[in-house]
Amino acid sequence: MSTFFIRITVFVLAVFLLVPAMSNAASPAKGEPIIIGMPSSLKSLEASEALKAIKLAAEEINAKGGVKVGNAVRLLKVEEMETRDMEPGVPISDALLAIEKLFLEKKPHAVVLGPSRSEVLLAAMDLYAQYKMVSINVAMTPKFIEKYTQNPEKYKYCFRMGDARYVVGYLTKVMEKLKQDFGFTKVYIVVQDVLWSTAIGDGMKGWFEKNKWEVKGYDKYPTGASDFSSTMMKAKQSGAQVIVPIFDMHNSGILVQQWKEMKVPAIMAGFISPLMGSKAWTTFGDKIEGIINVVFQAGNIPLKKYEPSTKFYEAYKKRWGEQQSGHMPSEAYDSVYLLVQAIERAGSLDPDKLVKELEKTDFVGSIGRIKFKDHQFIFGDDPKTSAIAVAYQWKKGGRRVPVFPNSIAEERIDKPSSMK
Amino acid sequence: MLVYGFINGTIYALIALGFSITFGVSRVANFAHGGLYILGGALTWYSLVKLGLPYFLSAILAVVAVGFLGALIYRVLLIRLRGLELSEVITTFAVGIVILELLRSMGLMGYEYRLPLFVEGSVDIFGVPVGIQRIIIVVVGAALLLALYLFVHHTKVGLAFRGVAQEEHTALSVGINPDRVSLLSLSIGSMICVISAVFILPLGTISVDDGYDVLIKALAVCIIGGLESTIGVIAASFIIGYIEVLTATYISSSYTMVVALASMLFILLVKPSGLFGKSKEIEERV
């Protein structure tokens, strides 16, 4: 009996020891994971949703077996670090310390998303250079290109998927469309008094003046402002037909409320964060009907005419619930995929080899076709050839309807009720 | 301009009133004011949206809960620090940060947290369209001031408040317990703070960052008007309200907050007690 028991025990042990070994032999060996670092202001809505998008991409890639690096197959692991750079009063040096802590403690192989605040990204570029850290960033400052082109060899590890200049370009095309469709030529600009939005506001003002629009006013509000009545009154009195708001502060919802309450006969077309997500209609109701908002990258809104954007949007929704931000999640998601493709092409995690492969990127992502020029992604009007933004209009029943660019537009722009 | 300056002034007065009442009676500068304001809004939102309770009941529950928390802050923390002004400030500031950051980590971020307007629509006042919610705020502000006046002048507890505010030791000699009165003042100050939140927050969305702004605004108003003076608070609120609108209309909207804070610095330089404050008046004369 005891011999039988010993034989059974040996058999069971052998099974337990052999089966995992056989299964390992059947699939390629998994080495140490590839660490993707994500230093950002995680308590902001945009970065927290971008982190979820990055995790989603990593989960999808891992589920398909991982990343092929030479002869080995390795899984992805995401390591985030809170930089608090979007919180008021946090010094740039504190955010940089957090980024360096991520490098030293978690030893990432590459960084995606990066800090949200433009000033922090500009300062972090030197840190990326020092640590030879490949990074795909999203902060919007036009100064990224200036800094990169001053010393491309030093800053070659930095790539970027976003730029306030492209938003200006997009908004100007929306304005052209408004002029063409309705004959509007009088505009009032109102922006949040921070670097990225004043850059857009200044750019828009210059464009309007060059293109013979009448700029009836240009107001800047500090972050936290909660009364926009003076702007609304001035816009109304000046006969402005278009109001261009550029805001990412939560109080900008008040601006919209006052626009409606004060019955300002002008269409509002710009960028207002609180109105971006699908839940904005539940929050603000029909007060936002007629407003045109620009989503900085496709994918953060589903497009019937561009399937990859809808695919990402639906995958995110299934995994995490509906996203509410107008920029960051889709580009963060695509960043992981194009980084992985670059690693597989390079067959290595060596930063210099990775940079060379990233420069050759040609990837069909949720934001459109992604290619880099001067380490900055190329932007355009057609997702089949470049990355795109999307201007959509809030319409009856809480529908977000893409109205520009024409390649993905689903309906025409309607005048708001205050102008009918 | 006149209309919106008045409305903004009332909003400032509502925001600062709770802070001023607490300081006026107990001499505690409650730096948790902003935290309590947002907590009140968040509790109302939670009861209304998540628990499905009626708006009025949700607001009442939030007012009572935060009032209780205010009393608890005094009973557990501040009672041990009475008279140590710097310690009181640090402690209440820490409590405010804990409340705000806890709310943030519990998921209070994004744009979907909004209290509905009491009444939709707008009416014309002197030819200026004004949202009805803003008119309600003005009415509530006036009603609250009247209620407070009646409370401190015609109720036993209110008279005890005035007694402690004027001279704590003398009040003690006539049988008023200063600790109990201070506890009540912190509780009532917190309740007023939530009442203002319930009426003001429907204008925008509920955000943790607003908690810090509210504290700064309350401080600016109280320092300009005089920390313990209700009349001063009202006067300062309208001064700041009109300065903001005038600045936005004739100078630049980007300077609205700078002008308010610069006014505070100016008053601190020329009259540290504030326009109607008396706490340092004798020292100033000397």
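Domain bounds, as used here, come from an automatic or database domain assignment, and for chain A that assignment gives domain 1 (34–162 + 305–377) and domain 2 (166–295 + 389–419). The C-alpha centres of domain 1 of chain A and domain 2 of chain A lie 29 Å apart. The structure is a predicted model, in which local features need pLDDT of at least 70 and side-chain atom pairs count only at pLDDT 80 or more, while totals for chains, interfaces and linings use all residues. Residues are numbered from 1 along each chain as its sequence is written, chains are lettered from A and ligands numbered from 1 in the order in which they are written, and side-chain values use heavy atoms, with hydrogens and water left out.

The confidence of chain A can be read from its pLDDT, the predictor's confidence in each residue on a scale from 0 to 100. Its mean for chain A is 89, and 93% of the residues of the chain reach 70 or more. Over residues 18–29 of chain A, however, the pLDDT is below 50, and this stretch has 4 contacts in the model beyond near neighbours in sequence, a contact meaning heavy atoms within 4.5 Å.

Within chain A, the contact of the two domains takes 16 residues from domain 1 and 17 residues from domain 2. Together domain 1 of chain A and domain 2 of chain A bury about 1,300 Å², 58% of it on carbon and sulfur atoms; buried area is the accessible area (1.4 Å probe) that two parts lose on being put together, summed over both. Of the area that domain 1 of chain A buries against domain 2 of chain A, 41% is supplied by K305(A), Q324(A) and G326(A), more than by any other three residues. Between these domains there are 0 salt bridges, a salt bridge being a side-chain nitrogen of Lys or Arg within 4 Å of a carboxyl oxygen of Asp or Glu.

We turn now to the contact of the two chains. It takes 38 residues from chain A and 34 residues from chain B, and chain A and chain B bury about 3,000 Å² between them, with 52% of it on carbon and sulfur atoms. K43(A), H250(A) and E261(A) supply 21% of the area that chain A buries against chain B, more than any other three residues. The count of salt bridges between chain A and chain B is 4; in one that involves E261(A), the partner is R134(B), and the closest N and O atoms are 3.9 Å apart. Among the elements that give two or more residues to the side of chain A that touches chain B are helix 2 (45–63) and strand 9 (214–221) of chain A, and helix 8 of chain A gives the most, with 5 residues. Helices (H or I, at least four residues) and strands (E, at least two) are DSSP runs, numbered from the N terminus.

Two details of the backbone remain. Most residues other than glycine have a negative phi, and most peptide bonds are trans. In chain A, a cis peptide bond joins F404(A) and P405(A), with omega about 0 degrees, and P405(A) is found in the segment after strand 18 (399–404) of chain A. K132(A), a residue other than glycine, has a positive phi, near 50 degrees, and lies in the loop between helix 4 and strand 6 (134–137) of chain A.
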